[in-house]
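This report describes one protein model in plain terms. Look over the sequence and the structure before reading on.

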Amino acid sequence: MPHGVILVTGPSGSGKTTSLYSMVNHLKCEKKKIVGIEETVMTELQGVTQMKLRPDLGFGYVQALETAPLMACDALYVAELPDPETVNAALQAGSTGCLVLSSCPADGAAEAITQFLQMNCRPHQIASIIGVINQRWVRKVCENCAEEVTRDQLAPAELEILGEMELVRILRGNGCEYCNNTGFRHRIASYELLEVNDAIREAIHARASTAEIREVA
Ligand SMILES: [Zn+2]
């Protein structure tokens with residue numbers, strides 16, 4: 001995809017920046033010219049032109065987003081979208097010729113889109129979003145002390161979470177020295193990917209609700 005916006009959403013600490021950096025690294029392998037925009041440069045990204053913002057001097061996200069496309073870049077990495085003006089500037093950049101990678105703190109992929117609709121961003125600009133990734137870090141059951149359990153060994157609260165879900169097997173960590181007796185060790189990323197196709201674009205134009213967008217997806 002030569003242009004459009006790809007968003008990574010999720011609560012803070014869910015690894016949004018890590019995912020964005022991996023996308024940047026992937027694009028770098030394709031010899032793309034990439035410009036990064038962030039308030040504090042966390043990691044130096046080799047092969048990426050990193051713009052440092054100086055909001056105190058009137059050079060904030062919006063100004064950087066207006067300047068970056070003039071640098072003839074293929075992709076723009078924008079650390080965050082802190083306000084509606086930045087969202088609009090990012091959508092604008094994505095609809096006029098470069099790939100924009102960014103993040104926002106929505107609870108789900110469809111929520112990110114309705115959030116923008118609520119910010120009064122114009123639907124035709126929101127339609128420049130080509131994909132939304134929603135991610136979570138989830139704990140893994142400790143492999144050292146995991147034990148298979150059956151449904152009737154679960155507490156009512158656990159059963160409620162499972163609902164009607166068909167599971168091959170259910171593991172529970174009993175706690176051991178490896179996991180500090182927590183039953184959990186290491187974490188794994190869990191992803192939801194919303195690909196914005198024509199049907200979803202239509203829903204955006206109709207200012208659909210989160211539930212309606214999910215239904216279409
Ligand atoms: Zn353990």
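## Around Gln135

Leaving aside its neighbours within four places in sequence, which residues is Gln135 in contact with? In this predicted model, they are Val8, Thr9, Gly10, Pro11, Ser14, Gly15, Lys16, Ser19, Ser190 and Tyr191.

Gln135 is placed in strand E6. Its relative accessible area is 2%, so Gln135 is buried, since buried means under 20%.

## Two domains

The domain assignment gives domain 1 as 4-138 + 187-216 and domain 2 as 143-182. Taken over C-alpha atoms, the centres of domain 1 and domain 2 are separated by 36 Å.

## The zinc site

The zinc ion has as protein donors the SG atoms of Cys142, Cys145, Cys176 and Cys179, at 2.3 to 2.4 Å. The four donor atoms subtend angles of 104 to 113° around the zinc ion, and the arrangement is therefore tetrahedral; for this, all angles must lie between 85 and 135 degrees.

In sequence, the spacing of the donor residues is C-x2-C-x30-C-x2-C. Cys142 lies in the loop between strand E6 (129-141) and strand E7 (146-149), and Cys179 in the loop between strand E8 (170-173) and strand E9 (184-195), so this pair ties together parts that are 37 residues apart in sequence.

Is Cys142 buried or exposed? Cys142 counts as buried because its relative accessibility is 0%. Cys179, at 4% relative accessibility, counts as buried too.

How values were computed
Residues numbered from 1 in each chain as written. Predicted model: local features only at pLDDT ≥ 70, side-chain atom pairs only at ≥ 80, totals over all residues. Heavy atoms only, no water. Domains from an automatic or database assignment. Donors = N, O, S within 2.8 Å, 3.2 Å for Na, K, Ca; no water. Tetrahedral: all angles 85-135°; square planar, octahedral: opposite > 155°, others 65-115°. Helix = DSSP H or I, 4+ residues; strand = E, 2+ residues; numbered from the N terminus. Buried < 20%, exposed > 50% of the residue type's maximum accessible area, 1.4 Å probe, protein only. Contact = heavy atoms within 4.5 Å.
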